Amino acid sequence: QVQLVESGGGLVQAGGSLRLSCAASGSMFSINAMGWYRQAPGKQRELVAAISSGGSTNYADSVKGRFIISRDNAKNTVYLQMDSLKPEDTAVYYCLSYAGSSWRASLGSWGQGTQVTVSS
């Protein structure tokens, strides 16, 4: 089973930037799609961005043009660069390893989450 450890969350003012990282254990990282989800208080967990093993990406409409997902297979790490942050981006952000090469695959392993708070 893949183990995922997120980092990079914190408190930032609206309009600011943060970069989240997710380090994965195991040799399967490069063949699995990876994703970032978020969950705000009282809301369901939602997809933010996903990247396939081949590098194709998918974004929620609410973050298109502001967030970029990328991966470094040599470092077993996936990143989420978040720019022009808004208070509504405040949530716990979770890293996910899909059970396949596409972000249409079933969900696999989750990280423990990292808090992102955007102040107005």
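This is a predicted model: local features need pLDDT of at least 70, side-chain atom pairs count only at pLDDT 80 or more; totals for chains, interfaces and linings use all residues.
**Exercise 1. Phe 67**

Task: Then list what Phe 67 touches.

Solution: 
- Step 1. Apply the cut-off: buried means under 20%.
- Step 2. Phe 67 belongs to strand β7, which spans residues 67-72.
- Step 3. Collect the contacts, leaving out residues up to four places away in sequence. Phe 67 touches Arg 38, Val 48, Tyr 59, Leu 80, Gln 81, Met 82, Asp 83, Leu 85, Asp 89 and Tyr 93.
- Step 4. Check one separation. Arg 45 sits 22 residues from Phe 67 along the chain, and their C-alpha atoms are 17 Å apart.

**Exercise 2. The sheet that holds β7**

Task: In what order do the four strands of the open sheet run, and which are the edge strands?

Solution: 
- Step 1. Recall how strands join. Strands of a sheet pair through backbone hydrogen bonds, in parallel or antiparallel fashion.
- Step 2. Read the order: β1-β3-β8-β7, with antiparallel pairing.
- Step 3. Find the edges. β1 (4-7) and β7 each pair on one side only, which makes them the edge strands.
- Step 4. From one strand to the next, it averages 15 degrees.
- Step 5. Look at one pairing in detail. β3 and β8 run antiparallel and are joined by six bridges. Leu 20 has Leu 80 in β8 as its bridge partner.

**Exercise 3. The disulfide**

Task: Which cysteines form the disulfide, and which parts of the chain does the pair tie together?

Solution: 
- Step 1. Count. The structure has one disulfide.
- Step 2. Name the partners. The sulfur atoms of Cys 22 and Cys 95 are 2.1 Å apart. The cut-off for a disulfide is 2.5 Å.
- Step 3. Get the handedness. The angle about the S-S bond is -85 degrees, and the link of Cys 22 and Cys 95 is left-handed.
- Step 4. Locate both ends. Cys 22 is in strand β3 (residues 18-24) and Cys 95 is in strand β9 (residues 91-98), so the pair ties together parts 73 residues apart in sequence.
- Step 5. Check burial. Cys 22 is buried at 0% relative accessibility. Cys 95 is buried too, with a relative accessible area of 0%.

**Exercise 4. The salt-bridge network**

Task: Which residues are linked in a network of salt bridges? Trace the links pair by pair.

Solution: 
- Step 1. Start with the total. The count is four salt bridges.
- Step 2. Begin at Glu 46. The side chain of Glu 46 meets that of Arg 38 in a salt bridge, 2.8 Å from N to O. Glu 46 is partly exposed at 35% relative accessibility, whereas Arg 38 is buried at 6%.
- Step 3. Arg 66 lies in the loop between β6 (57-59) and β7, while Asp 89 lies in the loop between β8 and β9, so the pair ties together parts 23 residues apart in sequence. Arg 66 counts as buried at 10% relative accessibility.
- Step 4. Join the links. Arg 38, Glu 46, Arg 66 and Asp 89 form the network.

**Exercise 5. Thr 114**

Task: Where does Thr 114 lie, and which backbone nitrogen lies 3.3 Å from a polar atom of its side chain?

Solution: 
- Step 1. Thr 114 is in strand β11 (residues 114-119).
- Step 2. Judge burial. Thr 114 counts as buried at 11% relative accessibility.
- Step 3. Identify the nitrogen. The backbone nitrogen of Gly 9 lies 3.3 Å from a polar side-chain atom of Thr 114.
- Step 4. List the contacts, again without residues up to four places away in sequence. Thr 114 touches Glu 6, Ser 7, Gly 8, Gly 9, Leu 20, Ala 91, Val 92 and Tyr 93.

Terms used
Residues are numbered from 1 along each chain as its sequence is written. Side-chain values use heavy atoms; hydrogens and water are left out. Helices (H or I, at least four residues) and strands (E, at least two) are DSSP runs, numbered from the N terminus. Buried means under 20% relative accessible area, exposed over 50%, partly exposed in between (1.4 Å probe, protein chains only). A polar contact is a pair of N or O atoms within 3.5 Å; within protein, one must be able to donate a hydrogen and the other to accept it, and residues adjacent in sequence count only if both atoms are side-chain atoms. Contact means heavy atoms within 4.5 Å. Two strands pair if DSSP finds at least two bridges between them. Axes are lines fitted to C-alpha atoms, for helices over the stretch in contact, and angles run from 0 to 180 degrees between N-to-C directions.
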